[in-house]
Amino acid sequence: MKKLTIITLLLLSALSVSAQGYLSFYQLRDIVPQTQGLQPAFIPNNSITVSLPAANVGVMLQGDLKLQELLSRPDGQAELTLDFDLMNSVAQERNYLNLDVTSNLFHVGIKTKKGGYSFFANARATMDFVYGKDFIDFVANGNGNKIGQTIDFSDTRLRVEAYHEIGVGYARKFLGDRLTVGARAKLVTGIFHGSIEDGASATLTTNANDFSWQIATQNATANSAGLDFLFNSDDYESNELTDYIMSNDNQTIAFDFGAKFKALDWLEVEASISDLGSINWKEQVRNYNTADTVATFSGVQLEGLEDSGEVFKDSLENNFRSNETQLGFKTNLPSRMYLTASAYLTPDDRFSLTYFQTNALSDFPANYALSYNHKFDKFVVGVLGTYRGSNNEVNFGANLGTNFGPVQMYLAMDNVLVTSGPEQYSKADFRFGLNLMFGYKKWIKKDKVADLDAL
């Protein structure tokens, strides 16, 4: 039953996730060295950068439903409750949600006369889900609204992943500093993974005459790695999880590439793609499989998720053949692409239009941002508007990066309005960090730094 429970949770997960962009953070560019994770062609403006351990983090949560579209307060009750009927009334044909947690563990950057080197380590956790209108209608009403029809869960997709990476990067200027090209290579170690097999499908058809219902599944496999440490923690010694997280066989080499080109004195174009690679999951692998099945159950009209759970409990094991295997599998890293065009009104005033796309799951809609940044002597500030294609929502963000003395502080948000009315928005995010910066003035007044490119 445990196998079927895990499969059901994965196949019928109620939430979903879409593209994460950190679009405001991207606009801090050469001021903040951690932006090289989004665009490797960015070169910091100072000689040496050292990040403060555990002081550079980013969190992003965004979806198609606002908080006020998830919760309601029934008459006579003081507490808010999860309202599936409300969710169903505002759900779209395809719905997205995203969670991304990023921590820069360390970063060391060295600027040279024509470029710069970087050495870094990051930890990252993501969740990516998609669900359709049929799914949320079933959660709210069971099959009551679909008598004589088929409920299709096949567009439900889920991916949960955590990994860490350590690597080196290099960026260099060409063509009289008009062109900058950057690349990063990194060793990626997968820690946790959970996903539904590509091509998995499930449908529920209810007969209008006798209310019998037919469930059909195909390619119903849920793959996982490392999750057994969480589900069955009593089976392991306390140090086994730590050893697994630090080093295991779920490793790959991945790459980031980026370039920016000053086409005119006032126009600059940029392109980057990051996380190119795939993980062969070999260690702590579990596959939860259900054979392709078409099963018919005696007529029951399901009234909601709670009622349907009792029916499934009595019938699933007798009608569906399932097994657990430990076969390795391969997944591509969720690559990210940025395309940007920037117009400089002055050397310190920049307008930018940015396009962002991810392939974490197929058919994720793109995000767009229109931003303005002004650079002062010791810091840069910016504002932006973002548009998310999944729910046609517009957000307003801001960013700040400083160069006061040896300590740098930066903060970026894609949606600052969430701080005043979180229930009205479907996105909340921030990127914050502290770095030690040395040699900033040298690059403003004169170029007296060791040229490591010539070594």
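Predicted model: local features only at pLDDT ≥ 70, side-chain atom pairs only at ≥ 80, totals over all residues.

Student: How do I read aromatic rings, and how many aromatic pairs does the structure hold?

Tutor: A pair of aromatic rings is described by the distance of the centres and the angle of the planes. Rings of Phe, Tyr and Trp (its six-membered ring) pair if their centres lie within 6.5 Å; planes under 30 degrees apart are stacked, over 60 edge-to-face, and the rest tilted. The structure holds 16 aromatic pairs. One of them is Tyr26 with Tyr338, a stacked pair at 4.7 Å centre to centre, with 15 degrees between the planes.

Student: Where in the chain do Tyr26 and Tyr338 lie?

Tutor: Helices (H or I, at least four residues) and strands (E, at least two) are DSSP runs, numbered from the N terminus. Tyr26 is in helix 2 (residues 23–26) and Tyr338 in strand 19 (residues 336–346), so the pair links distant parts of the chain, 312 residues apart. Ring pairs also link Tyr26, Phe42, Tyr338 and Phe356 into a cluster.

Student: Are Tyr26 and Tyr338 buried or exposed?

Tutor: Buried means under 20% relative accessible area, exposed over 50%, and partly exposed in between (1.4 Å probe, protein chains only). Tyr26 is at 0%, so it counts as buried. Tyr338 is also at 0% and counts as buried.

Student: What does it mean for a charge to sit over a ring?

Tutor: NZ of Lys or CZ of Arg must be within 6 Å of the ring centre and within 35 degrees of the ring normal. Take Arg431. Its charged end sits over the ring of Tyr22, 4.8 Å from the centre. Arg431 also lies over the face of Phe25, at 4.1 Å from the ring centre.

Student: Why is helix 4 described as largely enclosed?

Tutor: Count its buried residues. Helix 4 (residues 133–141) is largely enclosed by the rest of the structure because seven of its nine residues are buried. They are Asp134, Phe135, Ile136, Asp137, Phe138, Val139 and Ala140. Gly142 follows helix 4, and its phi is positive, near 60 degrees.

Student: Which residues other than glycine have a positive phi?

Tutor: Asn219 is one of them, with a phi of about 55 degrees. Asn219 sits in the loop between strand 10 (213–218) and strand 11 (220–225). Its relative accessible area is 36%, so Asn219 is partly exposed. Asp275 has a positive phi near 60 degrees. Asp275 lies in strand 13 (residues 267–276), and at 2% relative accessibility it counts as buried.

Student: How do I read strand pairing?

Tutor: Two strands pair if DSSP finds at least two bridges between them. Strand 22 (residues 379–388) and strand 23 (residues 393–402) pair in the antiparallel sense over ten bridges. There, Gly385 stands opposite Phe396 in strand 23. Strand 23 is also joined to strand 24 (residues 407–413) by four bridges, and these two run antiparallel. Ala398 stands opposite Met413 in strand 24. The hairpin of strand 23 and strand 24 has four residues between the strands, and in it Gly405 takes a positive phi near 60 degrees.

Student: What is a cavity, and how many are there of 30 Å³ or more?

Tutor: On a 1 Å grid over the protein atoms alone, a cavity is a set of points where a 1.4 Å probe fits but cannot get out; lining residues have an atom within 4 Å of a point. Grid points are joined across faces, edges and corners, and a volume is the space filled by probe spheres set on the points. The count is five cavities of 30 Å³ or more. The second largest cavity holds about 220 Å³ of space. Of the 19 residues that line it, the closest to its centre are Gly37, Thr102, Asn122, Glu165 and Arg184.

Student: Which strand gives the most to that lining?

Tutor: Strand 5 does, with four residues.

How values were computed:
Residues numbered from 1 in each chain as written. Heavy atoms only, no water. 1 Å grid on protein atoms, 1.4 Å probe; cavity = no way out; pocket = protein on both sides within 12 Å on 5 of 7 lines; lining within 4 Å.
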